[in-house]
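Opening the notebook on this one. I want to look up rings, surface and backbone angles, in that order.

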Amino acid sequence: MSRTKKFMYNTVTTALYQLIVMIVGFITPKVFLSAYGSEINGLVTSINQFITYFNLVEAGLASAAVYALYKPLAENNYSKINSIVSAAKKFYYKAGYIFVGLVVAMAIIYPIFVKTSVLSTAEVGLLVLVLGANGVIEFFTLSKYRVLLTASQKTYIISLGSIAYVILNTIIIVVLAQFKVNIVILKAVAILAILVRSIILMVYVKRKYKYISYKAEPDYGAMDKRWSALFLQVLTAVQNGAPVVISTIFTNLKTVSVYSI
């Protein structure tokens, strides 16, 4: 496929994805608030923001891997490609284990400091684990495929997978919310949506990149550029997430909900 076609596909699918996200952004908050109330909405928003901070354990990794893959992909240097994706996979796994540890620690500590009248302490802890499971799936399945597709300028595949995820996730939320299913169960079922996205990317990569082997000798040196992107990514995440974290600490969950809306 030519670069022009890739650019067209990437642009159209990205725009479509953003449009769907915007439409869903008008639907799910109303459904969620009607079914579960402002306090639950604030709780989910707060937990998600802390988990977003935990994702910083992989800061700069994707950028470094994508940058390192450009040249060998252009040259069809399969040996080099395999050594880079193998290194990226190992780095993602290491970051993933740290992420799991942080989520488990949060599941223990968060319910102690953040009180809510609508869920028990145990349920809040379980909700942290369930919401954190999305990130675990990202680290251990999705990330290694996303890096390869981004470097190959095939982000339209990622966009299509994300569209499927958003639509399925919205359907799950809307349907289960109508029955007022326990929020922990709802979010647990919603994990199916991100699994679908992972499967779409995995199937595509395995069919179109049959030469890829994540068991090759890793080229850790290819990840050196990671630290160049680290600072900016950390700064952006802290800046964007600070209001929710500060609101959680100094106000209440209803205030967090109002801010997120």
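I'm working on a predicted model, where local features need pLDDT of at least 70, side-chain atom pairs count only at pLDDT 80 or more, and totals for chains, interfaces and linings use all residues. Residues are numbered from 1 along each chain as its sequence is written, and side-chain values use heavy atoms, with hydrogens and water left out.

**Rings.** I looked up aromatic pairs (Phe, Tyr or Trp rings, the six-membered one for Trp, with centres within 6.5 Å; planes under 30 degrees apart are stacked, over 60 edge-to-face, the rest tilted). The structure has 11 of them. Phenylalanine 32 and tyrosine 36 make a tilted pair, because their planes sit at 45°, with 5.2 Å between centres. Both are in helix α1 (residues 3-54), 4 residues apart, or about one turn; helices here are DSSP runs of H or I, at least four residues, numbered from the N terminus. Both phenylalanine 32 and tyrosine 36 are buried.

Next I checked tyrosine 78 with tyrosine 211: stacked, 4.0 Å centre to centre and 20° between planes. That pair links distant parts of the chain, 133 residues apart, with tyrosine 78 in helix α3 and tyrosine 211 in the loop between α6 (183-208) and α7 (226-250). Tyrosine 78 has 39% relative accessibility, so I log it as partly exposed. Tyrosine 211 is partly exposed too, at 26%. Tyr78, Tyr209 and Tyr211 form one aromatic cluster.

**Charges over rings.** My test is NZ of Lys or CZ of Arg within 6 Å of the ring centre and within 35 degrees of the ring normal. Lysine 144 lies over the face of tyrosine 214, 4.9 Å from the ring centre. Arginine 197 puts its charged end over the ring of tyrosine 165, at 4.8 Å from the centre.

**Backbone.** I noted glutamine 153, not a glycine, with a positive phi of about 60°. Glutamine 153 is in the loop between α4 and α5 (155-178) and, at 29% relative accessibility, counts as partly exposed. Lysine 180 also has a positive phi, near 50°. I found lysine 180 in the loop between α5 and α6, and at 53% relative accessibility I count it as exposed.

Definitions and conventions. Helices (H or I, at least four residues) and strands (E, at least two) are DSSP runs, numbered from the N terminus. Buried means under 20% relative accessible area, exposed over 50%, partly exposed in between (1.4 Å probe, protein chains only).
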